[in-house]
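Subject: Structure for you to look at

Hello,

Here is the structure I said I would pass on. Please open it and keep it beside you while you read the notes below.

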Amino acid sequence: MNENPKKRDAGEAAPSNLEKDPSDWVTGDEPMTGAQASYLKTLSEEAGEPFDPALTKADASRRIDELQARTGRGRD
């Protein structure tokens, strides 16, 4: 058993920020990043959906997830 919650055993994976809910992001209400905008524009075009350049980081992340599911992009 690991007594220090901040210290991980060698076999434990580090927590991933990629899995954090966008609504919990500290910077989620900031404008989306350039990388998000570029990828979201591509996904929007592929899905035949409008691109909204005014989305926040959190909203852009959710929209990317939605459009990936619709287009099949970003799947393993």
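Leaving aside its neighbours within four places in sequence, S44 is in contact with E49, P50, F51 and L67, where contact means heavy atoms within 4.5 Å. S44 sits in helix 1, residues 34-47. Helices here are DSSP runs of H or I with at least four residues, numbered from the N terminus. S44 has a relative accessibility of 2% and counts as buried. For that scale, buried is under 20% relative accessible area, exposed is over 50%, and partly exposed is in between, using a 1.4 Å probe and protein chains only.

Please note that this is a predicted model: local features need pLDDT of at least 70, side-chain atom pairs count only at pLDDT 80 or more, and totals for chains, interfaces and linings use all residues. Residues are numbered from 1 along each chain as its sequence is written, and side-chain values use heavy atoms, with hydrogens and water left out.

Next, the salt bridges. A salt bridge is a side-chain nitrogen of Lys or Arg within 4 Å of a carboxyl oxygen of Asp or Glu. The whole structure has six of them.

One of these joins K57 to E30, with the closest N and O atoms 3.1 Å apart. K57 is in helix 2 and E30 in the segment before helix 1, so this pair ties together parts that are 27 residues apart in sequence. K57 is buried, at 18% relative accessible area, while E30 is partly exposed, at 35%.

E49 takes part in a salt bridge with R63 (3.4 Å, N to O). R63 belongs to helix 2 and E49 to the loop between helix 1 and helix 2, so the two tie together parts 14 residues apart in sequence. R63 counts as buried at 17% relative accessibility, and E49 is partly exposed at 26%.

E49 also meets R70 in a salt bridge, at 2.8 Å from N to O. R70 is in helix 2 as well, so this pair ties together parts that are 21 residues apart in sequence. Through shared partners, salt bridges join E49, R63, E66 and R70 into one network.

Last, T71. This residue is in helix 2, residues 57-71, and is partly exposed, with a relative accessible area of 27%. Apart from neighbours within four places in sequence, T71 is in contact with L43, E46 and A47. The C-alpha atoms of T71 and G48 are separated by 9.9 Å, and the two residues are 23 apart along the chain.

Regards
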